Amino acid sequence: MTDENKSLDIGRERGFSDFVVYVDESGDHGMANIDPNYPVFVLAFCIFYKGHYLTKVVPALQQLKFDYFGHDLVILHEHEIRKEKGDFRLFKNRADKQAFMGRLSKLIDDSNFILASCVIEKHRLSSREEMDNPYHLALKHCLETLFDLVKEKGQEELVTHVIVEKRGAKEDDELELEFRRICDGDNKYQRDLPFSIRMAAKASNSAGLQLADLVARPIGRHVLDAAQPNQAFDVLKRKFYCEGGRLAVGDGYDQWGLKHLP
C-alpha cells in the first residue's frame with residue numbers, strides 16, 4: 001500500500017472524506033451597483049482528491065514559482081497576472097508572458113480536480129430573486145452539487161472540508177452562518193450535508209485557493225458570451241462535474257456542474 005493510500009485510510013477512519021474543496025469568487029456579490037462590463041457573480045468549487053493534490057498539484061505549483069520567481073512565496077492572483085501588477089511585472093515581453101501563461105494553463109490542465117460552479121447573472125435577476133444575496137444563492141447550488149459528487153463516490157457520511165478565503169469579519173460571519181444553515185437542512189435534499197467550512201487568511205499560500213482564483217473569471221466570461229474565444233475555459237470545461245461522469249467529460253455539464261441563474 002502506498003503512503004498516499006495509507007493516509008487516506010487514516011483520514012477515513014477519523015471520519016474524513018477523500019476530498020478537499022477550495023473556493024473562490026469572481027465579481028461583486030452586491031446588487032447596489034452592477035458593473036455593465038461584468039454583471040455577474042461567480043462562485044467556483046475546486047474539488048480535489050487529497051492524494052493527487054498532495055503529490056501532484058502542490059509540487060507542480062511550487063516548481064512553477066521557483067522557475068519564474070526564484071522562490072515560492074508568490075501568491076497567484078488572476079487579476080494581478082492579467083494586469084501585470086506586483087510580482088507579475090517580471091515579464092520581459094509578450095512572448096515571455098505567453099510562455100508563463102502556457103505553463104500555467106498546462107498545470108491547470110494536468111491537475112485532476114472536479115469543478116462545480118454557479119454564476120449569478122445579476123442583471124437578469126427578477127425582483128424576487130434580488131432579495132437574495134448572490135453569494136448565498138451560488139453557495140447553496142455549489143454545496144448541493146458537491147453533495148451529489150460525494151454521494152456518487154459513496155462518501156456522503158464522511159466530512160469534507162470546504163476552504164474559503166477570509167474577506168472581513170462581517171462577511172465571514174454572514175458566510176459561516178449561511179453555510180451552516182444550508183448544511184443543516186435548508187437545501188433541495190432537506191437533509192444534513194456533511195461539510196465543514198474553514199476560512200483561510202488572504203496571505204495563506206494555499207495552492208488550492210490560488211487555483212480556484214484562476215478559474216473563476218474565465219467561467220464568468222464564458223457565461224456572459226459563450227461565442228467569445230476563451231482558451232482558459234476550453235481547459236476548464238473538461239473538469240466540470242457532468243451528467244455522464246468520467247466517460248462524458250467536457251459534455252453535459254451545463255446546469256449540472258456549471259449552474260447559471262436565472
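Visitor: Why is Glu 121 called buried?
Guide: Glu 121 has a relative accessible area of 7%, and buried means under 20% relative accessible area, exposed over 50%, and partly exposed in between, with a 1.4 Å probe and protein chains only; Glu 121 is therefore called buried. The model is predicted, so local features need pLDDT of at least 70 and side-chain atom pairs count only at pLDDT 80 or more, while totals for chains, interfaces and linings use all residues. Residues are numbered from 1 along each chain as its sequence is written, and side-chain values use heavy atoms, with hydrogens and water left out.

Visitor: Where is Glu 121 placed, and which residues is Glu 121 in contact with, leaving aside its neighbours within four places in sequence?
Guide: Glu 121 lies in strand β3, residues 113-121, where helices (H or I, at least four residues) and strands (E, at least two) are DSSP runs numbered from the N terminus. With those neighbours left aside, Glu 121 is in contact with Pro 39, Val 40, Val 223, His 260, Leu 261 and Pro 262, contact meaning heavy atoms within 4.5 Å.

Visitor: What makes Asp 234 count as partly exposed?
Guide: The relative accessibility of Asp 234 is 37%, and this residue therefore counts as partly exposed.

Visitor: How do you know that the span of helix α7 agrees with its number of residues?
Guide: The expected span of a helix is 1.5 Å times one less than its number of residues, so the 18 residues of helix α7 (residues 207-224) should span 26 Å. The end C-alpha atoms of α7 are 28 Å apart, which agrees.

Visitor: Why is α7 called largely enclosed by the rest of the structure?
Guide: Of the 18 residues of α7, 15 are buried, and the helix is therefore largely enclosed. In the protein chain as a whole, buried residues make up 46% of the 262 residues.

Visitor: How many helices and strands does the protein chain have, and what makes it as compact as a globular protein of that length?
Guide: The secondary structure of the protein chain comes to eight helices and six strands. Its radius of gyration is 18 Å, close to the 18 Å that the globule rule gives for 262 residues, so the chain is as compact as a globular protein of that length; the radius is taken over C-alpha atoms, and the rule is 2.2 Å times the number of residues to the power 0.38.
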